[in-house]
Amino acid sequence: MSEVGAALIGPSGMWGPKIAAAAERAGNLRIVTCFGRNEERRRAFAAERGIEAAESFEAAVERRDVEGVLLVTPNDLHAEQALACAERGRHVFVEKPIADTVAAAERMRDAFAATGLVLAVGHGMRRLGAARRTKELVDGGALGTVVLAEANWSLSSRLTPQAWRWYRDRNRGGPIMQLGVHHADTFAYWLGPIVRSQGTFGRVATEAEADDVGAVSVDFESGARGVIASSYVSPPTYTMRLFGSEAVLEYALDMSVWPHAEKADGASTLALRRKDGVDEIDFPKRDPLAEELAEFGRAVRGEGSPETGAEEGIAAVRVIEEAL
């Protein structure tokens, strides 16, 4: 299969270079250009990779050797940029959340469906080896009936007025939309659809306009209940627990390896706690970013479809939006 030429939009932040490195590991994508609003940073990114830095978003997307676009940009820009890509016949991989509102995400879904283009959403945490093993354990009945789910993803963030995350109107839901949305997706992957949510959000310890903490309670179609919490203040934390009638599953990631997602499984623990003791659970180590980008490349070539596409992205955002 020939490589898919791609433009990366958003090389200036922390995550853009991680997506670029993962695209190289994917083996079927080739980033040929990039664009970001910070000229110095986009030129440095391009020079490091031996590619051309485009002078505008349009110039990057409209290149003849670009078939797919990797959007690693602020949440509130996703819909506008993705729709512009669809108008130009370009497939899109967009980092989570798919958009900052359900309505915007649905416009994206409809536009890409109408044109037959691929729209993939970067919900990579469900792809980790520990998450895949958890899915197997739940489906195999190891926990019995799951009745309660708990999750927290917190990252201390140095918010400044120069960062889009500082502003409430650009960062609806704060850390819950930025981090907790991953848990909304993973919970749905493990336990089935989330049908209701409600939340509480606040600005407790930072000077930013946006909320720096949030907690969302969720109801699953199965009848189980859950809680997703997140903050921009606390030391890096990533934990998930599932409470079943037969066992409790405990999943923890040592965030000292973050943001190297390919190292996450090597820094994770998974355990089943039963009445008679605790069993440590083995799981394969996976490279979630490379896997999702390789899948995107195959989908562009007509080989399958993304595991997390528009519908999965919309479902995760709906949980947060309803809670807001």
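**Notes on the model**

1. Let me begin with α9, where A310, G313, I314, A316, V317, V319, I320 and A323 are buried. Please keep in mind throughout that this is a predicted model. The helix runs over residues 310-323, 14 residues in total. From its first C-alpha to its last it reaches 20 Å, close to the 20 Å expected at 1.5 Å a residue.

2. What covers those buried residues of α9? The cover includes two helices, α5 (102-115) and α7 (175-191), and the strands β6 (119-122), β8 (194-202) and β9 (213-220) also contribute.

3. A105 is buried, with a relative accessible area of 0%. Leaving aside residues up to four places away in sequence, A105 touches I98, A99 and I314; I314 is one of the buried residues of α9. For a sense of scale, the C-alpha atoms of A105 and D287 are separated by 27 Å, and the two residues are 182 apart along the chain.

4. Now to the sheet. It is an open one, made of eight strands in the order β8-β9-β10-β7-β11-β12-β13-β14, with mixed pairing. β8 and β14 (277-280) each have a single partner strand, so one side of each is left without a neighbour in the sheet. On average, neighbouring strands are turned by 15 degrees against each other, direction ignored.

5. Within the sheet, β9 pairs with β10 (residues 225-231) in the antiparallel sense, over seven bridges. S217 stands opposite V227 in β10. Helix α9 comes back here: it packs on the sheet and touches β8 and β9. The direction of α9 makes about 50 degrees with that of β8.

6. How do α6 and α7 pack? Helix α6 (residues 129-139) meets α7 at an angle of about 35 degrees, and their axes are 9 Å apart. On the α6 side the contact is made by A131, R132, T134, K135, V138 and D139, and on the α7 side by Y189, W190 and L191. By class, this contact has five nonpolar, one polar and three charged residues.

7. A last stop in α7 is T186. Is T186 buried or exposed? T186 has a relative accessible area of 1%, which is under 20%, so it counts as buried. Not counting residues up to four places away in sequence, T186 touches M125, R126 and M240.

Notes: Residues are numbered from 1 along each chain as its sequence is written. This is a predicted model: local features need pLDDT of at least 70, side-chain atom pairs count only at pLDDT 80 or more; totals for chains, interfaces and linings use all residues. Side-chain values use heavy atoms; hydrogens and water are left out. Helices (H or I, at least four residues) and strands (E, at least two) are DSSP runs, numbered from the N terminus. The expected span of a helix is 1.5 Å times one less than its number of residues. Buried means under 20% relative accessible area, exposed over 50%, partly exposed in between (1.4 Å probe, protein chains only). Contact means heavy atoms within 4.5 Å. Axes are lines fitted to C-alpha atoms, for helices over the stretch in contact, and angles run from 0 to 180 degrees between N-to-C directions. Ala, Val, Leu, Ile, Met, Phe, Trp, Tyr, Cys and Pro count as nonpolar, Asp, Glu, Lys and Arg as charged, and the others, Gly among them, as polar. Two strands pair if DSSP finds at least two bridges between them.
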